[in-house]
Amino acid sequence: MSSPSPRSTQLDLAIEALAADRYRLTANGVLTAEIAAPFTLAELSAVGEAIDGRVDLSKADRAKAAADFGDKLFAAVFTGAIGDAYTKNPPSHLRIDVERAGLLADIPWKLLRVPNNGAPTIEVIGLPAVPRSVGGVGEMLSGPRLLLSPAALLVLIALVVIAGTVIQGLTPKNVDLTIISLRTVPPQPSPGELVNVAITIKNTGTDKSDSFQWAWFLTDPRSQAIPKPDLVETVTSIPAGAQLTVRGEFIFGLWGKYDTVGWVNYNNKLQELNFNNNLSSTTTGHVTISGNTGDSFVVDFSRLPDNTLLSTVRELKSEEFSQWGITIKPDATGDDDCAKAIVRLLPEAAGNDQLMTSLPGNANVCNTLPVVFTTSSAIGGASVDLQADRAGDYTLQLTDANGQLLGSTKVTVAQAGAQTLHIPTDATFLATAKNATRIVYSGPSGSITAIQKLTLFKAAPSS
């Protein structure tokens, strides 16, 4: 019988938030995997309520809820090559870095349950100061560096439950915040139009509230694994029985119907009598971005979707335009030297802001790559305005999500100058482009990418 492999002393696991509720895992700086968010908001709320004692459960049921959560978390994180490496050589110490994990850092990592193969101690670093997803248990388990063995973890969970019971025995302030109105002005905006979001909040309690945050979501946060608000602001206070209307500005993107939602006391930092009425009704926040077939939505790269004007070079992570339903990435297929290329926004004094490609921090490397625009819903056509820097063929392609070509256009440039590529060429729309969600721009070999404007056209209604 062969002897077991030697056990490593530590496994370092780093978690990095990507776009579209996805996360990159890196073990010991070498092995990588990409996963979707492992929990929905409903699951996070349920485990928080169970462990904090906010629902009537037996000790056995609370322990089972924590164990089930910990098992699922382990299965989600230790996947692929990372899971294989852990199984073959289980560590004695597991160090999890969540500093760049985005909202995934907010979940109670201390509930992670590892298989019974030696039970390593667990260290979590980079935790946020105030976790939001689960509430009380998350706050009590947070800290810059916290070491726990699985046995100690069970004791800590018991203490949290006891502490929660004691805290609930105290008399909290009589504060109860709720949303009584949510509207947008104008109520039915056009793509690219600046909208005022107005949320009226009432304190139905008998005590004045302390400060709290409100948030607004373009899509229902209850349908998101890790909710990401599109607007967040702080309110100093609301007197007992009073109401307050808060406002924010937002620019809608692609055509479609949006179920927007307001969330008062978004991070649960303010103690209330009732947390269950903090989200607005799904029937009050409907917004329709309508228009006629062939109508256009212009992105000129002079500002970001949050209405921030661009005054300096901005390197994009690809998701900065996601609230408009657009992601932007360079295409470095087959070019290993440019695998880490990004797109950057370069403001120009003449007002012709440009989108270009490069390596991070180096504008003169990988600056000739094609660019891929991906839309969250189907479009009927597209055009790209560009600054051609040399003679040759400049092309634009419209495909579906699988790369199936739906339309293309090409312009042959004899000398440098401004050009426009338009699909279809008659400047209307593609009546058959029901699945068009991917636009690929490329220039001739050696030409520097310099896109000045992207225009999207509304697709014909589905029959």
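1. Leaving aside neighbours within four places in sequence, Phe 301 is in contact (heavy atoms within 4.5 Å) with Leu 310, Phe 321, Ile 328, Leu 345, Asp 353, Leu 355, Phe 373, Ile 451, Gln 452, Lys 453 and Leu 454. The model is a predicted one, in which local features need pLDDT of at least 70 and side-chain atom pairs count only at pLDDT 80 or more, while totals for chains, interfaces and linings use all residues. Residues are numbered from 1 along each chain as its sequence is written, and side-chain values use heavy atoms, with hydrogens and water left out.

2. Phe 301 is also named, with Trp 216 and Phe 321, among the residues with the most contacts inside the largest nonpolar core, which has 59 residues. Such a core is a set of buried Ala, Val, Leu, Ile, Met, Phe, Trp, Tyr and Cys residues joined through side-chain atoms within 4.5 Å, where buried means under 20% relative accessible area, exposed over 50% and partly exposed in between, with a 1.4 Å probe and protein chains only. Apart from this core lies another, of 34 residues, including Ile 35, Phe 39, Val 77 and Ile 96.

3. On aromatic rings, the count comes to eleven pairs, by a rule under which rings of Phe, Tyr and Trp (its six-membered ring) pair if their centres lie within 6.5 Å, with planes under 30 degrees apart counted as stacked, over 60 as edge-to-face and the rest as tilted. One of them joins Trp 216 and Phe 252 edge-to-face, at 6.2 Å centre to centre and 80 degrees between the planes. Because Trp 216 lies in strand S9 (residues 212-217) and Phe 252 in the loop between strand S11 (243-251) and strand S12 (256-259), this pair ties together parts that are 36 residues apart in sequence.

4. Ser 447 lies in the loop between strand S25 (438-442) and strand S26 (451-457), and it counts as buried because its relative accessibility is 2%. A polar atom of the Ser 447 side chain lies 2.8 Å from the backbone oxygen of Pro 444. Neighbours within four places in sequence aside, Ser 447 is in contact with Asn 367, Thr 368, Asp 389, Arg 390 and Tyr 394.

5. For the protein chain as a whole, there are five helices and 26 strands, taken as DSSP runs numbered from the N terminus (helices H or I, at least four residues; strands E, at least two). Buried residues make up 46% of the 463 residues.

Notes:
A polar contact is a pair of N or O atoms within 3.5 Å; within protein, one must be able to donate a hydrogen and the other to accept it, and residues adjacent in sequence count only if both atoms are side-chain atoms.
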